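Student: I would like to learn how to read a model like this one. Where do we start?

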Amino acid sequence: MKIATWNINGVKARLETSLSWLSEARPDIVCLQEIKSVDEGFPASAFEELGYHVETHGQKGFNGVAILSLEKPVDVNRGLPGDPSDEQARYIEAVFETSASPLRVGGLYLPNGNPLGTEKFDYKLRWMDRLHAHARACLAREERFMLLGDYNVIPDPVDARNPAAWTQDALFQPESRQAFRALVNLGFTEAVRATSDMPGVYSFWDYQAGAWQKNNGIRIDHILLAPEASDRLTSVGIDAHVRGWEKPSDHVPVWVELSV
DNA sequence: ATGCCTTGTCGCACAAGA
C-alpha cells in the first residue's frame, strides 16, 4: 500500500499536474495540503474519475487540506484538536479498515511561522504543541498510525542545500526543530531518514531565483510512522522529478509503501 | 539589503508563502 503527501499550492492551479501525478504514481492514499479552496469549490469529480474518494477540509483563499483514497475511509475527522478558536484548515484525519488493525492517516499543514518575533511564530509553536498532544493520544490507540504532511520544519542542516540562509527563518529555528524532534521522539519513525542519511534530499524548491535549477532545496515534507506502521515499511520515495513539470507546485510528493 | 515567483482575492495591488 502506497501512501503519499503533497503540498500542491492550489488545487485549481494544479489540477492537471496533480491528475498527471496520480495517474503515474497511483498512491492508495494521498494527503494534500494548501488546496486553497473551500470544500464546495474542490474539483472532486476530476479526482473521482481517476477512482479516488475525496475528503476535504477547506478554507477560502489559503491553507486547506484533503485526503484522497482508492478505498473509502470509515471515519474522517477535520481540524486539529486543542483550540476551538483556531479557524485555519490545517489538519484532516481518515481511518481505513484493513485486514488487521485500523490504518489511521493524519494529513497536516503545519504553520509557516514567519516572520520571527510575531504572533505567527507563536502560533506555529502552539500548533506544534497541539499536534504533539494529539499524536500522543493517537499513538496510545496502538493502531497503524501515520502523520504525513508539510511540517514547515527543516529538521537538520543536512536537510538544506544552504543551511546558513535559513538561520533567521521560522522553518529552521531551534524551537521549531526541537518541537519536531520531541514529536518524533514520542515513538515515530521518520520515513526518509530511517532509510537514508544522504545529503541533497529535498522536498521543496522555491519558485524564485532559479532554486530548482540550482538544486537549492530544503526537506520540509515528512512522513512519521507509528511502530505498528513502521514495522511494515518497505520503501520510501520523493518524486522530485515532478518539480520539473509544467506548472509545478514548489513542493513535490513524498511517499511510503507499507506491506499490508 | 531586498526581491527574485506563484496563487488567490468581491484583483486592477496586495497578502502569504518559505
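**Reading burial, sheet and charge**

Tutor: Start with burial. Q33 has a relative accessible area of 0%, so Q33 is buried. Keep in mind that this is a predicted model.

Student: In which strand does Q33 lie?

Tutor: Q33 is part of strand β2. Now look across space. V65 is 32 residues from Q33 in sequence, yet their C-alpha atoms are 4.5 Å apart.

Student: How many strands form the open sheet, and in what order?

Tutor: Six, in the order β3-β4-β2-β1-β14-β13, with mixed pairing. The edges are β3 (53–57) and β13 (233–238); each has a single partner strand, so one side of each lacks a neighbour in the sheet. On average, neighbouring strands are turned by 15° against each other, direction ignored.

Student: How do β3 and β4 run, parallel or antiparallel?

Tutor: Antiparallel, with five bridges joining β3 to β4 (residues 65–69). For a landmark, find V54, which stands opposite L68 in β4.

Student: Which strands does helix α1 lie across?

Tutor: Helix α1 (residues 15–25) lies across β1 (2–7), β2 (29–33) and β4. Its direction is at about 160° to β1.

Student: Now charge. How many salt bridges does the structure hold?

Tutor: The general idea comes first. Side chains of opposite charge can pair when their charged atoms come close. This structure holds eight salt bridges. One of them joins E55 and R78 at 2.6 Å, N to O. E55 sits in β3 and R78 in β5 (residues 75–78), so the pair ties together parts 23 residues apart in sequence. E55 is buried at 15% relative accessible area, whereas R78 is partly exposed at 40%.

Student: Which side chain meets D159 in a salt bridge?

Tutor: R193 does, at 2.8 Å, N to O. R193 lies in helix α5 (residues 191–195) and D159 in the loop between β8 and α4 (174–184), so this pair ties together parts 34 residues apart in sequence. Shared partners join D159, E190, R193 and R219 into one network of salt bridges.

Student: What about R243: buried or exposed?

Tutor: R243 is buried, yet has no salt bridge. The nearest side chain of opposite charge, D250, is 6.5 Å away.

Student: Which backbone oxygen lies 2.9 Å from a polar atom of the R243 side chain?

Tutor: That of W205. R243 itself is found in the loop between β13 and β14 (254–258). Beyond its neighbours within four places in sequence, its contacts include Y207, W212 and P248.

Note on methods. Residues numbered from 1 in each chain as written. Chains lettered and ligands numbered in written order. Predicted model: local features only at pLDDT ≥ 70, side-chain atom pairs only at ≥ 80, totals over all residues. Heavy atoms only, no water. Pairing = 2+ DSSP bridges. Helix = DSSP H or I, 4+ residues; strand = E, 2+ residues; numbered from the N terminus. Axes fitted to C-alpha atoms, helices over the stretch in contact; angles between N-to-C directions. Contact = heavy atoms within 4.5 Å. Buried < 20%, exposed > 50% of the residue type's maximum accessible area, 1.4 Å probe, protein only. Lys, Arg positive; Asp, Glu negative; His and termini not counted. Salt bridge = Lys/Arg side-chain N within 4 Å of Asp/Glu carboxyl O. Polar contact = N/O pair within 3.5 Å; in protein donor to acceptor, adjacent residues only side chain to side chain.
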